[in-house]
Amino acid sequence: MESAALSAISRHLLRPSSNPHHNSTSEILPLRSFNVAPLRRRFNSLSTKCHHASSGKSSANPNFSCSAVASDMAAPASDHVSTPQLRLRRLVDEFVSLEEPLDRVKLLLEYATSLPFFPASARVLSNRVMGCTAQVWLSVSTDGYTMQFSADSDSEITRGYCACLIAVLDGASPEEVLKMHPEDFAELNVVGSSGKGGVQSRVNTWHNVLIAMQKRAKAAIAEREGRPPVDPFPSLVISPGGIQAQGSYAEAQAMFLSPDESKIKELVSVLREKQIGVVAHFYMDPEVQGILTAAKRHWPHIHISDSLVMADSAVKMAEAGCRYITVLGVDFMSENVRAILDQAGFEKVGVYRMSDAQIGCSLADAASSESYVQFLDNASKSPPSLHVIYINTSLETKAHGHELVPTITCTSSNVVQTILQAFAQVPDLNVWYGPDSYMGANIAELFQQMAALSDEEIKEIHPGHDRKSIKSVLPRLHYYQDGNCIVHDMFGHEVVEKIKELYCDSYLTAHFEVPGEMFALAMEAKRRGMGVVGSTQNILDFIKNRVKEALNRNVAEHLQFVLGTESGMITSIVAAVRELLGKRGTGSPKVEVEIVFPVSSDSVSTAPVNGSHDMASLGVVPGVVAGEGCSIHGGCASCPYMKMNSLRSLLRVCHQVPDEGGILSAFQASRLNVKTPLGRSVADVGCEPILHMRHFQATGKLPDKLVDQILGKNPESMS
């Protein structure tokens with residue numbers, strides 16, 4: 001649901017600008033090696049048509065505008081040509097002069113015939129432009145001062161797009177190429193009649209080919225200035241033939257993608273013997289995830305997911321007869337599993353965490369701080385108010401928050417729709433979101449962008465809103481500004497700049513918790529069909545869908561994805577991609593999938609990971625030396641708390657249950673028998689915001705009970 005909403009926002013924001021190039025200044029530059037011969041012949045042909053039209057003779061296309069024929073394009077090759085902005089202006093004038101969409105398509109096809117010959121030897125994967133529905137090849141040569149482009153496609157329409165881009169940018173300086181904006185070309189308004197999906201794919205073609213040109217322009221400037229090449233991020237390349245790791249960080253990740261068979265057998269044996277279920281978060285250590293993924297083929301009661309689904313899966317395992325549930329995650333996840341099992345009537349099913357020490361979470365800690373209590377106190381003084389709290393918080397925090405302000409839980413997958421529905425359903429509502437500051441800022445930015453859309457476009461995102469209502473909610477949306485995930489916090493300025501330089505033409509994935517710069521970059525990629533912003537599940541689904549599309553095209557492909565979330569996701573991604581690639585028959589075109597980790601190549605620790613005998617013997621392992629502080633210099637996109645869930649701990653717990661001697665008492669998930677300040681059960685009150693969310697997910701509306709609580713009609717019902 002959330003991914004669809006973000007897609008709609010992205011699609012509508014990719015709209016023509018208001019003639020920015022009509023104010024361009026003209027500077028005459030040498031022609032250099034710009035090959036205008038085919039275009040000159042085409043323009044001469046248009047000149048003839050205009051001459052016939054002015055003489056009263058019938059024209060092959062009476063809608064052609066004589067003003068669109070540029071005299072300097074028909075000049076000898078030794079003459080000067082205009083800047084790219086002026087070339088673009090003339091190109092736009094030419095297309096705008098044609099009122100009928102079909103005539104614009106015909107003109108685009110005429111441009112396609114002007115493309116120079118593209119040799120078969122240049123039709124290689126390294127020249128492919130990612131993100132285009134058709135196959136597109138782009139070849140670039142430069143002396144550092146002038147860019148020469150050649151291109152080709154297996155689609156005539158796409159060849160026309162490429163021809164227009166080359167007509168504008170061939171022979172330009174790298175700096176001039178970088179000044180061009182995709183929105184400038186939107187005014188050509190070549191939409192054809194293929195429907196909304198077809199129109200969007202064509203817009204994406206303009207955008208993605210231009211981005212590929214600009215990436216080469218950046219490289220040309222760097223080489224001209226004598227800057228050393230930038231080292232790429234570490235990555236894993238998945239192909240039908242296996243996995244290739246590039247960089248020591250990736251090598252350490254890949255080591256456990258082919259897990260130890262003896263460990264798999266040991267784990268499956270004890271799980272089956274003692275009827276133990278396993279629920280684990282996507283961010284687990286690669287060793288643990290590798291073993292669990294393989295073990296699941298032999299024992300069905302293993303589930304790896306985001307935090308929302310973990311408790312639901314535990315209930316299903318208990319219903320299937322599991323006597324114990326082991327939770328691989330942080331403490332609020334095991335608390336949630338315990339509470340939801342109790343709510344479902346499975347009080348006798350044991351729930352175990354993987355450490356005798358606290359397994360914390362920076363977001364959960366932020367929500368239990370004094371400043372967060374003050375945030376909620378302010379909310380309680382501004383009725384009517386709704387507290388929208390992120391799922392990644394403790395039950396105690398949810399319970400205390402719910403007693404102060406009516407509360408509903410959200411996830412990164414449903415937060416935008418939850419807030420939009422709340423504003424639509426409760427007049428004059430104030431929404432207070434927390435504790436993730438980055439996600440709050442990103443939500444506010446999304447709503448600012450929505451306010452610029454038309455009523456019709458906004459109703460596609462949420463039928464209960466229009467421009468007036470979105471503008472009215474902006475001052476009533478409040479978010480906590482002192483909480484973040486220590487992992488997603490590392491996707492800051494330095495990472496973003498490196499992505500812009502090396503990976504601007506790649507697929508970009510980002511969790512909703514990332515800082516604003518990374519969020520903006522991912523949303524820009526999303527607008528051209530090259531990115532996703534959302535939950536871990538949204539990211540996994542996006543990668544799977546792009547791989548399926550590539551396989552359906554039945555041509556050789558190399559897909560590159562930048563992983564803008566915790567590196568533990570890689571195990572689930574590899575498993576999903578391997579399954580898809582494995583369905584291909586022998587002799588099919590080769591499809592490769594590269595997953596890029598946006599961290600330093602030196603983001604490894606030589607220190608052993610607590611509780612893992614096997615990993616301690618490695619020369620390098622993914623991790624943070626001092627426990628926290630992920631950064632591009634020596635840190636990693638790896639949660640130190642999640643990595644406290646080791647394989648050794650899992651096996652220890654499984655072998656020792658039932659815990660008749662109390663050896664595992666420190667490993668048992670907390671059953672919250674404490675009371676709230678109003679004397680109610682923390683477990684009961686803390687679960688209610690989760691139940692409100694489940695009602696919203698099932699019906700698309702806030703439950704009547706929650707609405708009554710917001711309006712103060714039944715305050716004692718918050719129990």
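Trainee: In what order do the six strands of the open sheet lie?

Mentor: In this predicted model, local features need pLDDT of at least 70, side-chain atom pairs count only at pLDDT 80 or more, and totals for chains, interfaces and linings use all residues. Residues are numbered from 1 along each chain as its sequence is written, and side-chain values use heavy atoms, without hydrogens and water. Strands are DSSP runs of E with at least two residues, and helices are runs of H or I with at least four, numbered from the N terminus; two strands pair if DSSP finds at least two bridges between them. The pairing in this open sheet is mixed, and the order is β4-β3-β16-β15-β13-β14.

Trainee: Which are the edge strands?

Mentor: An edge strand here pairs on one side only. The two are β4 (242-246) and β14 (531-534).

Trainee: In β15, what is the bridge partner of A510?

Mentor: Strands β13 (residues 507-511) and β15 (residues 557-564) are parallel and share four bridges. Within β15, T509 has L563 as its partner, while A510 is bridged to G564.

Trainee: In β14, what is the bridge partner of A510?

Mentor: β13 and β14 also run parallel, joined by four bridges. On the β14 side, the partner of A510 is V533.

Trainee: Why is β13 largely enclosed by the rest of the structure?

Mentor: Buried means under 20% relative accessible area, exposed over 50%, and partly exposed in between, with a 1.4 Å probe and protein chains only. Y507, T509 and H511 are buried on one side, and L508 and A510 on the other. β13 is largely enclosed because its buried residues number five of the five.
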